[in-house]
Amino acid sequence: MENNEFKNRSPKEVSKQIRKENFKRNWLLFKQSKLGMTGLVIIAFFLFLAILQPILFATGIWSRGVYDPVVGYDSQKVDLLVVECPKEYPTEKYETNQDCPAKDEINIRVLLLRPDVKVGDTYEAFLQPAPPSSKHILGTDSLGRDVFSQIMEGSQVAFLLGLLSATLGVGISTLLGTIAAYFGGRVDAYLMRQSDLVLMLPSLPLLFIISAFAELKVWHLAIVLGVIGGLGGSVITIKSQALQVKVKPFVDSARITGGSKLKIMFSHVLPNVAPLALLFMVFSVTGAIASESVLSFLGLLNIDMSWGLMIYLSQTDGYIFSGLRYWWLILPAGLSVTLLAGGFYLVGRGLDDVFNPRLRKR
Amino acid sequence: MAIYILKRTYQLIIVFLLFLVLSYLLFNAIPGNAFQSLLLNPDLPKEAYQRVLETYGLDKPLFERLQLYIINFFKGDFGYSYNYYPKTPIDLIAERLPRTLMLFALVNVVSFYTGFIVGKILAWRRGSKSETWITITSVFSYTVFYPWFALLMLYFFGYKLGWLPIGKFIYPEKWYDAPFDSDVVFITMIKFTVVATFIQFLAFIFTRNIESLTNRKTARLVSFVLLLLGSYFYWGSGSALEQRTYAADIAYHMILPVFTVTIVAFAGTALLTRTTMMEVLKDDYILTARAKGLSQKRIRDRHAARTALLPVVTSFIFTIITIIDGSVLTETIFSWPGMGQLILQSVTQEDIPVAMATFSFVGILALVAHFLADISYAYLDPRIRIKSQG
């Protein structure tokens, strides 16, 4: 960086320039970490899914009646061969009682209301957890709703919740951590005891109790998770980082030139804590997504559709123990939660390499 | 050191009182009260309902009730459970807690040990192909959506292969004519495990200072074999012989939950160890050790890994807090009748006395863990230890 480059420019422009250069350098460092880039690709993929759904609805490519993740309905017409399942196994055709009826057959004993149907006829049925087809990329669930559309809706929920709660939490913890470090004394003691208290609260049972007296919606949960995360252990870590910044010479020189306390705190200490805060934010998104999925998996969340709810439904409907026969009900939702949480974690690892020079390769 | 401990104790007592107040206010915010179902009975006269409220002190002002709650808490009086009527919450906790602690103590010991070893190797082989694969696997198991993963494991091992039981604590049909309570057998098992672990731990401590690596390995193997022989004789004689088949039944039911949670839990330790090891490996004394011409294995195990152990030990103590958190899911999925299941049940079925007792109990557990973590950190980290002395 040439010094005369900055001549005849206002300080604002110069700092903008420096920030730009910094960003470029950090981006180059981040690009070197394979894990971080993998995570970024995963996040971009789910972001694409989340944005794609409203576009598909708005342009009319998908009609609301068929593809709506909550109230849509579609079924697949199939011709099934009527057979009578034997009473004893194994027979020539079937080995165990799970093989009968096979995929394109139907047991005559379940057709009690249709006495006119005989063995060997073809029976026209509406298949409801329909397997993947060109119309429904990931098939439909037991209520005839499109699974792919549900995945898209779930990723919207995950992004909304993860980013909202992480931003809120990191905002709170950065502010409190910096205040504790900068003012010290009684303020510090109070804030540290408060984060001790929040660390003590068992988070899942606490969420159960909150869900018992308030109907939790997604953004309620985001606020609760954000506040709990923001008051807890991250305050302590950010405080220790801010303490290191506080004793640096530029803070002293700012004080000597007559900067007010607030001004020093916001424009000198805070920006230097920001990288650590960003790191925290990325990691806490992982936690938020997992908490939401767990709560909807236990059926404690007032929510229309989410990945956790999809797993909850496939478990309560008994498809989990059907093995891979209904794989489109079991695998996509669980994998989505895992992949997105993993994606944010990997990006956090990549950022760790950037901001923590001791971890860098050689 | 003593002053430091005293100061921390004093602070923690204040935090705990705050915790009690907060938890009471939380439960107070749940709409309705314990006798709402009585009010719904149309035959009940209004005065009777009022009298019930007065008898149980529910019409008193909030502050007075809070005071009563805190006083009763220190007396150990939580009232009776609504769902399991003659039992008190303390009875229920005393019954459920050993099951949870046994399961998760086992899981934590196994997962921290494997996680530490895997993390050590990961940091050592930085940049190799095996490192990438192990990292990807451990990131996957670190972030995997746990209930989903546990259900798949249950499906695969319990249903598809049929090797292990699908959840639950025991097979009831095996216990029809059992002369023991399942809890009695379980307590025997806990005693046995604690003693065995302690002996193994002692063996590790005593063999730690053997210089030659091969000699140390043989000494550890011998002690392990001796322990196996000892446990064989223990279960083959006396009262333990009668309990053996029943204990085996419980142990059989424990395999799958322990295995599943270990797979998920070891990754966190592995990733943490990797990070701290990598920081340690950059230090000057590792370079010195290399220059002295020590073998690679010795540098890794003796010089680097011991320093990297410090944050791992503290995180081990902090997991005591998360045990109950994690146990809610594990016990719901594997139908393991422990504390986690009790908390979830009592909250969803509005069994308020049990819910309050378990919640404050978890608080106490967290408090103890917090205290232990602080003290051990102060003890292990010479900087804090020396500062508090001087």
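Guide: Two residues are in contact if their C-beta atoms, placed from the backbone, lie within 7 Å. By that rule, and leaving aside neighbours within four places in sequence, Leu176(A) is in contact with Leu191(A) and Val235(A). The model is a predicted one, in which local features need pLDDT of at least 70 and side-chain atom pairs count only at pLDDT 80 or more, while totals for chains, interfaces and linings use all residues. Residues are numbered from 1 along each chain as its sequence is written, and chains are lettered from A and ligands numbered from 1 in the order in which they are written.

Visitor: Why does Leu176(A) count as buried?

Guide: A residue is buried if 20 or more other C-beta atoms lie within 10 Å of its own, exposed if 12 or fewer, and partly exposed in between. Leu176(A) has 22 such neighbours, so it counts as buried. Its place is in helix H4 (residues 147-183) of chain A; helices (H or I, at least four residues) and strands (E, at least two) are DSSP runs, numbered from the N terminus.

Visitor: Why does Ser335(B) count as partly exposed?

Guide: Its count is 15 C-beta neighbours inside 10 Å, so by the cut-offs it falls between buried and exposed. Ser335(B) lies in the loop between H12 and H13 of chain B, and its phi is near 45°, a positive value in a residue other than glycine.

Visitor: What makes helix H9 (residues 249-256) of chain A hardly covered?

Guide: Among its 8 residues, the count of buried residues is 0. Just after H9(A), Gly258(A) takes a positive phi of about 95°.

Visitor: What makes a nonpolar core, and which residues touch the most other members of the largest one?

Guide: A nonpolar core is a set of buried Ala, Val, Leu, Ile, Met, Phe, Trp, Tyr and Cys residues joined through C-beta atoms within 7 Å. The largest has 135 residues, and Leu161(A), Leu221(A), Val282(A), Ile289(A) and Phe344(A) touch the most other members. Helix H10 (residues 261-297) of chain A gives the largest share of this core, 17 residues. Leaving aside neighbours within four places in sequence, the contacts of Leu161(A) include Leu221(A), Ala288(A) and Ile289(A).

Visitor: How do you know what the span of helix H10 (residues 238-281) of chain B falls short of?

Guide: The expected span of a helix is 1.5 Å times one less than its number of residues. For the 44 residues of H10(B), a straight helix would reach 64 Å, but the end C-alpha atoms are only 52 Å apart. H10(B) also has a kink of about 55°, centred on Arg244(B); the bend at a residue is the angle between axes fitted to the seven residues ending there and the seven starting there.

Visitor: Why are S2 and S3 of chain A said to stand at the edges?

Guide: Two strands pair if DSSP finds at least two bridges between them. The open sheet of 3 strands has the order S2-S1-S3 (chain A), with mixed pairing. Strand S2 (105-107) and strand S3 (122-127) each have a single partner strand, so one side of each is left without a neighbour in the sheet.
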